[in-house]
Protein chains: 2
Amino acid sequence: MDQRQALVAFGALSQETRLHIVRMLVVSGPNGMAAGAIAEKAEVSPSNISFHLKELERSGLITQQRESRSIIYTANYEALGGLIRFLMEDCCSGNPQICAPAAAVAACCAPATKEELQ
Amino acid sequence: MDQRQALVAFGALSQETRLHIVRMLVVSGPNGMAAGAIAEKAEVSPSNISFHLKELERSGLITQQRESRSIIYTANYEALGGLIRFLMEDCCSGNPQICAPAAAVAACCAPATKEELQ
DNA sequence: TCCATATTTCAATGATCCTTGAATTATTGA
DNA sequence: TCAATAATTCAAGGATCATTGAAATATGGA
């Protein structure tokens, strides 16, 4: 993830409906959700959800694939991880004061210790 | 950092000049930089840099304090860490697939291991 | 007090973004 | 083929954002 991508990704996440969509898709996992289901759950009109899904896809944070009449959207875990990495490493220069609290969170959900990752 | 703050922070980081400012302030450390020095280094007009600094302060990612004639801006490490934490924990639900690569980065710059943090 | 320095505020302009509803495209089943 | 479902595209509008230059504010020194 380079700076240009990160700028677009930050812009994508700076809108309430879009942040909501991303959170739903992360939770929904690899199966993803159809555009209609997203619209219904987010209580947004089909045309409006389509606008935001397009924006999120442009940012690379989600991907789409057609499945019969529906279009299934899925969170792009790699891109999301890349954005977190950009924020820690590039933007914050790996500053320990900033990254340490993040490391605590990461340690709780990630299976590996510091040693195992080096 | 709650969702409303995160939305504002993402918006703040989605603009090239502002992302540049944050990166400079992180590197410059606790001493921070005067508005004029930021403007000069970023090659942006004083009035324009003031606009962006105000936006960044509103987001909580930087803080200001007057020092004689200058106004010194400093990166808010806590807020930056909070944003990373939000992205990993709230937005991505602590998903290991997303957070593991981030954990690797954190392990490199943070002094603590998983065990030490629990 | 007067001037220079450092920065912000303000108004105006153009650009981008968000929302809405109508029209369009794509797919499936009768 | 025809109708129904699922989603996107398009045009129009209002709202927000970014940039500019001029004017205003705050501070420190002669």
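Q: How many bridges join strand 1 of chain A to strand 3 of chain A?
A: This is a predicted model, in which local features need pLDDT of at least 70, side-chain atom pairs count only at pLDDT 80 or more, and totals for chains, interfaces and linings use all residues. Residues are numbered from 1 along each chain as its sequence is written, chains are lettered from A and ligands numbered from 1 in the order in which they are written, and side-chain values use heavy atoms, leaving out hydrogens and water. Helices (H or I, at least four residues) and strands (E, at least two) are DSSP runs numbered from the N terminus, and two strands pair if DSSP finds at least two bridges between them. Strand 1 (residues 33-34) and strand 3 of chain A run antiparallel, and the number of bridges joining them is 2.

Q: Which residue is the bridge partner of Gln65(A) in strand 3 of chain A?
A: Strand 2 (residues 62-67) of chain A is joined to strand 3 of chain A by 6 bridges, antiparallel. For Gln65(A), the bridge partner is Ile72(A).

Q: Which residue takes a positive phi in the hairpin of strand 2 of chain A and strand 3 of chain A?
A: The hairpin has 2 residues between its strands. The positive phi is near 60°. The residue that takes it is Ser68(A).

Q: Which are the edge strands of chain A?
A: The 3 strands form an open, antiparallel sheet in the order 1-3-2 in chain A. An edge strand pairs on one side only. In chain A the edge strands are strand 1 and strand 2.

Q: At about what angle does helix 2 of chain A run to strand 3 of chain A?
A: Axes are lines fitted to C-alpha atoms, for helices over the stretch in contact (heavy atoms within 4.5 Å). Angles run from 0 to 180 degrees between N-to-C directions. Helix 2 (residues 16-28) of chain A lies across strand 1, strand 2 and strand 3 of chain A. Its angle to strand 3 of chain A is about 85°.

Q: Which residue of strand 3 of chain B stands opposite Ala34(B)?
A: Chain B has an open antiparallel sheet of 3 strands in the order 1-3-2. Its edge strands are strand 1 (33-34) and strand 2 (62-67). Strand 1 and strand 3 (residues 70-75) of chain B pair over 2 bridges. Opposite Ala34(B) stands Ile72(B).

Q: How far from a phosphate oxygen of DNA strand D is a polar side-chain atom of His52(B)?
A: A polar contact here is a pair of N or O atoms within 3.5 Å. A backbone N or O atom of Gly36(A) lies 2.8 Å from a phosphate oxygen of DNA strand D, and a polar side-chain atom of Ser50(A) lies 2.9 Å from one. For His52(B), the distance is 2.7 Å.

Q: How many charged residues does the surface near DNA strand C have?
A: Asp, Glu, Lys and Arg count as charged; Ala, Val, Leu, Ile, Met, Phe, Trp, Tyr, Cys and Pro count as nonpolar; the others, Gly among them, count as polar. The surface near DNA strand C has 6 nonpolar and 9 polar residues. Its charged residues number 5.

Q: How far from a phosphate oxygen of DNA strand C is a polar side-chain atom of Arg18(A)?
A: A polar side-chain atom of Asn48(A) lies 3.4 Å from a phosphate oxygen of DNA strand C. From chain B, a backbone N or O atom of Ala35(B) lies 3.1 Å from one. For Arg18(A), the distance is 3.1 Å.

Q: Why is the pair of Phe10(A) and Phe10(B) classed as it is?
A: Rings of Phe, Tyr and Trp (its six-membered ring) pair if their centres lie within 6.5 Å; planes under 30 degrees apart count as stacked, over 60 as edge-to-face and the rest as tilted. By this rule there are 3 aromatic pairs over all chains. The ring centres of Phe10(A) and Phe10(B) are 6.1 Å apart and their planes lie at 20°, so the pair is stacked.

Key: Polar contact = N/O pair within 3.5 Å; in protein donor to acceptor, adjacent residues only side chain to side chain.
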